[in-house]
Amino acid sequence: MPLSLFSRCCGPEENIKYQVNAEWFEKRVQSLKKILQSNDDMPPLIVHYFDHDFEICDGNHRFEALTQLGVKEYPVIVWTTEKDEYEEFVGKYTP
């Protein structure tokens with residue numbers, strides 16, 4: 001899926017949902033960038049679709065590394081918990 005659809009919910013920014021230490025976050029992102037540049041065998045992002053939007057549940061550091069590397073699309077597993085959200089997702093994002 002296009003990475004432009006997503007934004008992180010975890011990081012060092014003050015107004016982010018799950019705030020973490022900036023130094024640790026950047027260190028992890030830089031480490032993942034090195035791995036991604038030499039090996040493309042990384043797990044997909046896992047995102048939850050709800051309230052007409054996506055939340056990255058697993059892969060915030062990978063997402064930031066991919067974004068910094070200029071990657072435009074990446075494998076994603078999307079989950080929904082409500083039937084109407086599933087139907088909305090399918091209607092908006094599948095051919």
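**Overall organisation and interior**

Of the contacts in the protein chain between residues at least 6 apart in sequence, 67% join residues at least 24 apart. The model in which these contacts are computed is a predicted one. Its secondary structure amounts to 3 helices and 5 strands, and these follow the pattern β-β-α-β-β-α-β-α along the sequence. The C-alpha trace spans about 40 × 30 × 15 Å along its principal axes.

Of the 95 residues in the protein chain, 34% are buried. The largest nonpolar core contains 18 residues, and Leu-3, Phe-6 and Tyr-74 have the most contacts inside it. At least two residues of this core come from each of helix 1 (22-38), strand 3 (45-50), strand 4 (53-58) and helix 2. Helix 1 provides the largest share, 4 residues. Beyond its neighbours within four places in sequence, Tyr-74 is in contact with Met-1, Leu-3, Leu-36, Met-42, Pro-43, Pro-44, Leu-45 and Leu-66.

Asn-60 lies in helix 2, which comprises residues 60-68. Because its relative accessible area is 7%, under the 20% cut-off, Asn-60 counts as buried. Its side chain reaches the backbone oxygen of Ile-56 at 3.2 Å. Not counting residues up to four places away in sequence, Asn-60 touches Arg-8, Cys-9 and Cys-10.

The chain carries 10 positive and 17 negative charges, whose mean positions are 7 Å apart.

Conventions:
Residues are numbered from 1 along each chain as its sequence is written. This is a predicted model: local features need pLDDT of at least 70, side-chain atom pairs count only at pLDDT 80 or more; totals for chains, interfaces and linings use all residues. Side-chain values use heavy atoms; hydrogens and water are left out. Buried means under 20% relative accessible area, exposed over 50%, partly exposed in between (1.4 Å probe, protein chains only). A polar contact is a pair of N or O atoms within 3.5 Å; within protein, one must be able to donate a hydrogen and the other to accept it, and residues adjacent in sequence count only if both atoms are side-chain atoms. Contact means heavy atoms within 4.5 Å. A nonpolar core is a set of buried Ala, Val, Leu, Ile, Met, Phe, Trp, Tyr and Cys residues joined through side-chain atoms within 4.5 Å. Lys and Arg count as positive and Asp and Glu as negative; His and the chain ends are not counted. The place of a charge is taken as NZ of Lys, CZ of Arg, CG of Asp or CD of Glu.
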